[in-house]
There are 2 protein chains.
Amino acid sequence: MSITVVGSVAYDSIETPVGRRERCLGGAATYFSLAASFFTDVRVIAVVGEDFGAEQEAVFAAHNIDTLGIEHAAGKSFFWEGSYLENLNEAKTHSTELNVFASFEPKIPDAYRDSEFLFLANIDPVLQRRVRDAMPQVKLVAGDTMNYWIKDHRPALLDVLKGLDVLLINDTEARMLAGNNNLVQAARAVMALGPRFLVVKHGEYGATLFHEPTPRGKSEGGTFRAPALPLEQVIDPTGAGDSFAGGFFGYLASQPEPTPAVWRRAMFYGSVMGSFACERFGTERLQQLSRPEIDTRFHVFRELTHLD
Amino acid sequence: MSITVVGSVAYDSIETPVGRRERCLGGAATYFSLAASFFTDVRVIAVVGEDFGAEQEAVFAAHNIDTLGIEHAAGKSFFWEGSYLENLNEAKTHSTELNVFASFEPKIPDAYRDSEFLFLANIDPVLQRRVRDAMPQVKLVAGDTMNYWIKDHRPALLDVLKGLDVLLINDTEARMLAGNNNLVQAARAVMALGPRFLVVKHGEYGATLFHEPTPRGKSEGGTFRAPALPLEQVIDPTGAGDSFAGGFFGYLASQPEPTPAVWRRAMFYGSVMGSFACERFGTERLQQLSRPEIDTRFHVFRELTHLD
């Protein structure tokens, strides 16, 4: 089954303790779709500028990602510059140029309207809501957000949350959104806002899936924790969270039924894709990856945390 | 097989967001031995003052913990006062009174000399070394330490590390000891100092066991990660790390052979005992605990992190 994703396709200049890359292909929708493409068909809704050409297009094409929904506008693509010199867990933003993204009006190609899965990457919740409303046929909607929207655009974000099945955020965001420092209590408060599944990402410590029993789902409710792989060297953590989301949602979309076992394996595949993303700058590692490598690492994760 | 533990037996005054307790029974050796007592015989080497009486003695006796090695000295017991009002993951120390602990000279009862397991809780590395040297017969030695000894007593600590099979410390301590922010690299550097097994505790995110293949051990080397239980309410995190160590080492000591599967289950039992410790103030929860409750929670942990 296919996933439609709406989000940013961008250029990133990144500095980490290991080195620096100028204007590499980035953006949440890029990482998400590359990661998800190993599991299922992916369609992208985004906007790029005149600096987005055949070379970037080829990255998507090589992974059979449908780019019909990537609008080409006059001007430059979204650009982000950041560094991780002091702390690999948190980017320091040096510059954000919205460029063509400032007036982004998501346009959904008719060919996307039979997508059963929708991922709302981290963009203005007003746009997330618009895309969600325009695709009433989807069976499962997941989304991401960030501290900026939680703090300063709460009403619009709350509107989006009502229409989400799955929210993926990190610890700090979960606590901020709930106004509660206890993760279990925060998770319950967030799920009361709409999403029946909440994935809280803990960076190098893995991620936790919280889910409440509801008449809508087949899950029995509860909690599941996937590890992260202790990495010898983190080259660049940019996009690790979006790659997690891509592996997680891509695997979910590839399965006939979202059974509890499928949700668990999806958490592991998310963690697997996040670990790959950190191994090279930008999307370099995801671009080179093969499905057998993914499944081999899945078994490494299993071995890392299983008793027998 | 029996464990001898050397460390502090103390009184703690603790404040957390939930409330406050004055002078409850505490100390690393107390938490460790209560947790380990559910798995194997435990013998304690410590010093207490005249304020340690029949009521405290009874707590140890109720768990069949051998207190022959607890010396009774003139003066007051070690006293610690701390709070966790802003951050449940890190204590703020308000007062430390060493009292009789200031001149602690560990004395090892002859009856302890057939112990096959030795745990050196977090005390002056000079004392840890002395106890370790005085018990050459032990088969497995584990130890703990803290930032204070790492920073200001490094030569003495390095001497202790040479004689350890297992070191249990937290993330910050591992990175500080190795002078390396990458956990995998830090772990390798710490193991090069002596311990062939390193347990790094991540607080609410669980713990990682690193082990290198050596001719001494049967392990094949590698990494294992045990989860922590997301807790609805943390009443008091004091002693969680020592309780982890007690569950971990107690389980190891209870098994005929330290196979790789035993090390893995030991990590889970450590995490189980750490989770119980947080559920009440001080040692209250460990005092009330039963072995069936422990095994039930072990299965909760399994369910929390296992794919099938």
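**Close-up views of a predicted model**

**View 1. The crossing of H6(A) and H7(A) is left-handed.** The model shown here and in the other views is predicted. Two packed helices are described by the angle between their axes and the distance between the axes. Helix H6 of chain A covers residues 171–178 and helix H7 of chain A covers residues 183–191. They pack at an angle of about 65°, and their axes lie 9 Å apart. On the H6(A) side the contact is made by Asp171(A), Ala174(A), Arg175(A), Leu177(A) and Ala178(A). These meet Leu183(A), Ala186(A), Ala189(A) and Val190(A) of H7(A). Seven residues of this contact are nonpolar, two are charged and none is polar.

**View 2. Chain B superposes on chain A by a rotation of 180°.** The shift along the rotation axis is 0.0 Å, and the RMSD is 0.0 Å. That is the relation of a two-fold axis. Of the interface residues of chain B, 100% are also interface residues in chain A, so the copies meet through the same surface.

View 3. A disulfide is a covalent bond between the sulfur atoms of two cysteines. Over all chains, the structure has zero disulfides. For Cys24(A), the nearest cysteine sulfur belongs to Cys278(A), 14 Å away, whereas a disulfide needs the two sulfur atoms within 2.5 Å. Cys24(A) is buried, at a relative accessible area of 14%. In chain B, Cys278(B) is also in no disulfide, and the nearest cysteine sulfur, that of Cys24(B), is 14 Å away. Cys278(B) counts as buried, with 10% relative accessibility.

Technical notes: Residues are numbered from 1 along each chain as its sequence is written. Chains are lettered from A and ligands numbered from 1 in the order in which they are written. This is a predicted model: local features need pLDDT of at least 70, side-chain atom pairs count only at pLDDT 80 or more; totals for chains, interfaces and linings use all residues. Side-chain values use heavy atoms; hydrogens and water are left out. Copies are superposed by least squares on the C-alpha atoms of residues with pLDDT of at least 70 in both. Contact means heavy atoms within 4.5 Å. Buried means under 20% relative accessible area, exposed over 50%, partly exposed in between (1.4 Å probe, protein chains only). Axes are lines fitted to C-alpha atoms, for helices over the stretch in contact, and angles run from 0 to 180 degrees between N-to-C directions. Helices (H or I, at least four residues) and strands (E, at least two) are DSSP runs, numbered from the N terminus. A crossing is left-handed if the near helix is turned anticlockwise from the far one by less than a right angle, and right-handed if clockwise. Ala, Val, Leu, Ile, Met, Phe, Trp, Tyr, Cys and Pro count as nonpolar, Asp, Glu, Lys and Arg as charged, and the others, Gly among them, as polar.
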